[in-house]
Amino acid sequence: MLRPATYAERDLILPWRNHPSVRAVSLTTHEIKPEEHAAWWEKRWQNVLIYEDDRGVPCGVVIFDGNTWSFYLDTEGLGDRQLAAWMRLEKEAVDYAFGTLGLETLGGETLEENKQVLALHRRFGFKETRRYERLVDGVPKTVVWTERGK
Ligand SMILES: CC(C)(COP(=O)(O)OP(=O)(O)OC[C@H]1O[C@@H](n2cnc3c(N)ncnc32)[C@H](O)[C@@H]1OP(=O)(O)O)[C@@H](O)C(=O)NCCC(=O)NCCS
């Protein structure tokens with residue numbers, strides 16, 4: 001299930017975002033300190049959705065910013081259930097975007113080297129529409145923009 005985050009969930013998600021495997025595929029890779037996270041949370045928490053697995057355990061984050069989305073999971077907590085959670089989360093995010101939010105298109109940035117997520121996006125009907133270079137903590141990396149319509 002995908003539901004709006006509560007304000008009190010601020011500290012739950014920081015370790016998920018700071019997990020090395022999430023930082024490695026992010027567009028800023030430094031460890032986010034609690035103060036930086038708190039400042040960001042004040043501004044953005046109402047854009048954050050929490051993904052709960054079928055046991056009702058919160059284990060993922062989806063952020064909608066207009067027609068753009070991004071997501072990450074509680075890699076540590078999910079262990080070998082990660083792949084299944086990825087698929088459920090992506091399905092629910094698509095339904096939420098086109099249903100609840102009423103969007104007509106949805107797109108997101110993924111690093112070219114993040115092959116697993118690019119394959120997942122393809123499976124859910126996202127198509128690559130452009131690619132470009134972005135500096136990721138000073139290192140040029142290729143970012144793939146994938147999007148789909150309703
Ligand atoms: C992984 C992913 C979410 C990271 O993207 P990101 O741009 O680093 O982070 P977000 O989209 O969450 O954040 C956008 C902005 O908010 C900031 N931000 C995000 N979370 C923050 C936090 N907890 N505290 C402070 N700032 C934060 C980011 O630094 C970024 O700032 P910028 O626009 O000035 O660069 C994104 O690359 C993505 O969705 N990739 C595809 C899916 C994927 O691979 N997911 C991980 C698999 S588990």
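A residue is called buried if its relative accessible area is under 20%, exposed if over 50%, and partly exposed in between, with a 1.4 Å probe and only protein chains considered. The model on display is predicted; local features need pLDDT of at least 70, side-chain atom pairs count only at pLDDT 80 or more, and totals for chains, interfaces and linings use all residues. Residues are numbered from 1 along each chain as its sequence is written, and side-chain values use heavy atoms, without hydrogens and water.

**First stop: Ser26**

Select Ser26, which has a relative accessible area of 11% and is therefore buried. Ser26 belongs to the loop between α2 (20-23) and α3 (34-44); helices (H or I, at least four residues) and strands (E, at least two) are DSSP runs numbered from the N terminus.

**Second stop: the ligand**

Keep Arg17 selected and show the ligand. A polar side-chain atom of Arg17 lies 3.0 Å from a ligand oxygen atom, and one of Ser70 lies 3.3 Å from an oxygen atom of the ligand. At Phe71, a polar backbone atom is 2.8 Å from a nitrogen atom of the ligand. Of the ligand's accessible area on its own, 910 Å², the protein covers 80%; such areas come from the Shrake-Rupley method with a 1.4 Å probe, and for residues only the protein chains shown count as cover.

**Third stop: the aromatic rings**

Two rings of Phe, Tyr or Trp (its six-membered ring) pair if their centres lie within 6.5 Å; planes under 30 degrees apart count as stacked, over 60 as edge-to-face and the rest as tilted. The structure holds 5 aromatic pairs. Select Trp69 and Phe71: the ring centres are 5.1 Å apart and the planes at 20 degrees, so this pair is stacked. Together, Trp69, Phe71 and Phe126 form one aromatic cluster.

Terms used. A polar contact is a pair of N or O atoms within 3.5 Å; within protein, one must be able to donate a hydrogen and the other to accept it, and residues adjacent in sequence count only if both atoms are side-chain atoms.
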